[in-house]
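This briefing is meant to be read with the sequence and the 3D view side by side. Please look at the sheet, the helices and the charged side chains in turn.

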Amino acid sequence: MNTDEVRKVIAEGNRSFGAAAARKDYVGMAAFYTEDAKVLPPDAPIVSGRKAIEEFWRSAANALGLTDIMLKTVDLEVAGDIAYEIGEADLTLGSGQAKAKYLVVWLRSRDGQWRLHRDIWNGMPAS
């Protein structure tokens, strides 16, 4: 796969991840991650494994009143079965709108699917 093809796959994955969040489908959100993925949320412990990631998103979404996530790739580098994505997120929360920046390491699994393998983010000022 060339970089443009991977970019399209990741853009679709990001749209689908946001749609799962809007549906409150935390199992669906976790399915975008590898089995041994790690999420590094700001000011919180590392979350390891798909089941723990599902519980993290359920808890975080409910605590924040998360109703929508829009992810936008700013930069993408592909090296074989690994892709590094830098992006920006627009979040709709119970308290209003928020912005975040993120770095995701995507991994193409044996089944050919690109999945989030490492996921870290933090907030940024609204522009």
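How many bridges join β1 to β6, and do these strands run parallel or antiparallel? The two strands run parallel, and 4 bridges join β1 to β6. The model is predicted, and for that reason local features need pLDDT of at least 70 and side-chain atom pairs count only at pLDDT 80 or more, whereas totals for chains, interfaces and linings use all residues. Residues are numbered from 1 along each chain as its sequence is written, and side-chain values use heavy atoms, with hydrogens and water left out.

**The sheet**

- An open sheet of 6 strands has the order β2-β1-β6-β5-β4-β3, with mixed pairing; helices (H or I, at least four residues) and strands (E, at least two) are DSSP runs, numbered from the N terminus, and two strands pair if DSSP finds at least two bridges between them.
- The edge strands, each of which pairs on one side only, are β2 (47–48) and β3 (68–79).
- Strands of a sheet pair through backbone hydrogen bonds, either parallel or antiparallel.
- Strand β4 (residues 82–93) and strand β5 (residues 96–108) run antiparallel and are joined by 12 bridges, with Tyr102 in β5 as the bridge partner of Gly87 and with Leu93 standing opposite Gly96 in β5.
- A hairpin leads from β4 to β5 through 2 residues.
- Strands β5 and β6 also run antiparallel, joined by 10 bridges; here Val104 stands opposite Asp119 in β6, and Trp106 stands opposite Leu116 in β6.

- Helix α1 (residues 3–22) lies across β1 (33–40), β3, β4, β5 and β6 (114–124), and runs at about 155° to β3; axes are lines fitted to C-alpha atoms, for helices over the stretch in contact, and angles run from 0 to 180 degrees between N-to-C directions.
- Helix α3 (residues 50–64) packs on the sheet and touches β1, β2, β4 and β6, its direction making about 45° with that of β1; contact means heavy atoms within 4.5 Å.

- Trp121 lies in strand β6 and counts as buried because its relative accessible area is 18%, where buried means under 20% relative accessible area, exposed over 50%, and partly exposed in between (1.4 Å probe, protein chains only).
- Not counting residues up to four places away in sequence, Trp121 touches Val39, Leu40, Pro41, Pro42, Phe56, Trp57, Lys101 and Tyr102.
- Thr34 is found in strand β1 and is buried, since its relative accessibility is 7%.
- The side chain of Thr34 makes a polar contact with the side chain of His117 at 2.8 Å; such a contact is a pair of N or O atoms within 3.5 Å, and within protein one must be able to donate a hydrogen and the other to accept it, while residues adjacent in sequence count only if both atoms are side-chain atoms.
- Leaving aside its neighbours within four places in sequence, Thr34 is in contact with Arg50, Leu107, Arg115, Leu116 and His117.

**Backbone with positive phi**

- Most residues other than glycine have a negative phi.
- Lys24, although not a glycine, has a positive phi of about 60°; Lys24 sits in the loop between α1 and α2 (26–30) and is partly exposed at 43% relative accessibility.
- Asp43, also not a glycine, has a positive phi of about 55°; Asp43 is found in the loop between β1 and β2 and is exposed at 86% relative accessibility.
- Gly112 takes a positive phi near 85° in the hairpin of β5 and β6, which has 5 residues between the strands.

**Salt bridges**

- The structure holds 10 salt bridges, each defined as a side-chain nitrogen of Lys or Arg within 4 Å of a carboxyl oxygen of Asp or Glu.
- Glu54 forms a salt bridge with Arg58, the closest N and O atoms being 3.3 Å apart, and both residues lie in helix α3, 4 residues apart, about one turn of the helix.
- Glu54 is buried at 8% relative accessible area, whereas Arg58 is partly exposed at 28%.
- A network of salt bridges links Lys51, Glu54, Glu55 and Arg58.
- Lys99 forms a salt bridge with Asp90, with the closest N and O atoms 2.4 Å apart; Lys99 is partly exposed at 22% relative accessibility, and Asp90 is partly exposed at 34%.
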